[in-house]
Amino acid sequence: MTLFRGTFLDTPDDPFTGGALRADSDHALLVEDGVMTARGPYAELRGNHPGEEVLDLTGGLVLPGFVDAHVHFPQVRVIGALGLPLLDWLERCALPEEARMAQASYAAAVATDFVRGLASAGTTSALVFGAHFAPAVDALFTEAARVGLRVTSGLVVSDRLLRPELHTTPERAHAESLALAARWHDIGRSRYAVIPRFSLSCSDDLLAACAAVVDEVPGAMVTSHVNENPREISTVGELFEGSSYVETYARHRLVGPRTVLAHNVHPTDPELRLLADLHAGVAHCPTSNAALGSGLFPMARHLAHGVRVALGSDVGAGTGFSLLKEGLQAYFGQQLLGELGHPLTAAHLLHLATAAGAEALGTATQVGDLSVGKRFDAQWLCPAEGSALEVGLAHAEDPAEALARAFALGTPADVRAVWVDGDLVSPAQTDREPDEQLAAVAG
Ligand SMILES: [Zn+2]
């Protein structure tokens, strides 16, 4: 058992429906076998558990581990290609790199970069677009399991309009997906996701094969892209004879409570109604939307229709792994929408980056906040001495102000340590220099 001492911030009550930020200073969490079994003022818990090891995380903020609801494994090395709209960016930047994943040794090296990127940013769970090649997907799951992250991923499938080497057939997609799911679904912290790249690159026969995999892998998730860019949307409309983008998936039973569709920047009202009726989630990816000029996310319309929204980094169109940055960009986007925007507080941003993601990924009973009974997936934000964030935290009037400053100024460099199930993930297992203070306290 370990007693974690610090300032804990989380959002067990949804701020989008009136909940407030929970902020407890000089508190403690007792963690036993990865589960939080007691929570309260430090002095009180210490008195009840005088013999337990104490990990002192005062002097920063302890947040739930982030949940990234949309991120691409093969794209970590192409982050930062600016200046192109979606379809040109795919053709010139993303897809050539995705084709390199055919080589297993290359994919394994990228998997190391990718998983380190997630963990270093404080992300403990992620719904990950895998690769178009099964051995590369194995490499991702292998590395995620080694480091200890909760990764839901799978084979990305397409059978048209990308590049020939990225195309599969419905039969091959079905067989390879089932084989991967047999190796990884519900194994440790890994789960399988069925991933048609987007209906632009997927025939009806391939989408039907995806539905068959969902039927054969109980509990599998489904993820894809939707309504990101006007040119993409009009092409999908032509390919599917006027069907709405959401319907292209829904008519194959690929939209449901275990579905997360990324972007949805340009939905129609009927599509929002359909997503709400089918209890699907949407991953909002604000830096990607800004970098590709895709548009400003209509969050208020999603909320008005009752569509669940989480946050995704969308690396590599997104500009990094940090959900602090995504949260800030989400805030900017809603500000820029003026009266059409949904004003976001720091509590909203934390909720989007944690509990809303857990909800979208179907893991909210286990993770997403720091309540007794849940798994201890957490991160310690502790800025470097003299940094603007350190100054900001030291002079914040209250926890909500401190949290807003963390979103405004925080980066992966401020994430001092990360735990999944109470196990230290970073820095110990991600090749960073061991943190002397943590090592000393942890014994
Ligand atoms: Zn994406």
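Author: G6 stands opposite H27 in strand β2. The model is predicted, so local features need pLDDT of at least 70 and side-chain atom pairs count only at pLDDT 80 or more, while totals for chains, interfaces and linings use all residues. Residues are numbered from 1 along each chain as its sequence is written, and side-chain values use heavy atoms, with hydrogens and water left out.

Eight bridges join β1 to β2 (residues 22-32), and the two run antiparallel. On β4 (residues 53-56) the pairing is parallel, with four bridges to β1. There, F4 has L55 as its bridge partner. Strands pair here if DSSP finds at least two bridges between them. Strands (E, at least two residues) and helices (H or I, at least four) are DSSP runs, numbered from the N terminus.

Now the burial of β1. Eight of the nine residues of β1 (residues 2-10) are buried, so the strand is largely enclosed by the rest of the structure. Buried means under 20% relative accessible area, exposed over 50%, and partly exposed in between, with a 1.4 Å probe and protein chains only.

Next, the metal. H70 (NE2), H72 (NE2), H225 (NE2) and D314 (OD) coordinate the zinc ion at 2.0 to 2.4 Å. Donors are N, O and S atoms within 2.8 Å of the metal (3.2 Å for Na, K and Ca); water is not among the atoms, so sites may look incomplete. The donor residues follow the spacing H-x1-H-x152-H-x88-D. H70 sits in β6 (residues 66-72) and H225 in β11 (residues 221-226), so this pair ties together parts 155 residues apart in sequence. Both H70 and H225 are buried. The four donor atoms subtend angles of 88 to 173° around the zinc ion, which makes the arrangement irregular. Four donors would be tetrahedral with all angles between 85 and 135 degrees; four are square planar and six octahedral if opposite donors are over 155 degrees apart and all others between 65 and 115; anything else is irregular.

Helix α9 (residues 269-277) comes next. Its buried residues are E271, L272, L275 and A276. They span an arc of only 135° around the axis, which puts them on the same side of α9. The arc is that of the directions from the helix axis to the C-beta atoms. Their cover includes α8 (245-250), β12 (259-263), β13 (281-284) and α11 (299-305). Just after α9, H279 takes a positive phi of about 60°.

H284 lies in β13. It counts as buried, at 3% relative accessibility. Leaving aside neighbours within four places in sequence, H284 contacts N289, F297, M299, V309, A310, L311, G312 and A330. Contact means heavy atoms within 4.5 Å.

Most residues other than glycine have a negative phi, and most peptide bonds are trans. N264 is not a glycine, yet has a positive phi of about 50°. N264 lies in the loop between β12 and α9, and counts as buried at 0% relative accessibility. L161 also has a positive phi, about 65°, without being a glycine. L161 is exposed, with a relative accessible area of 53%. The peptide bond from V315 to G316 is cis, with omega near 5°. G316 is in the loop between β14 (308-311) and α12 (323-336).
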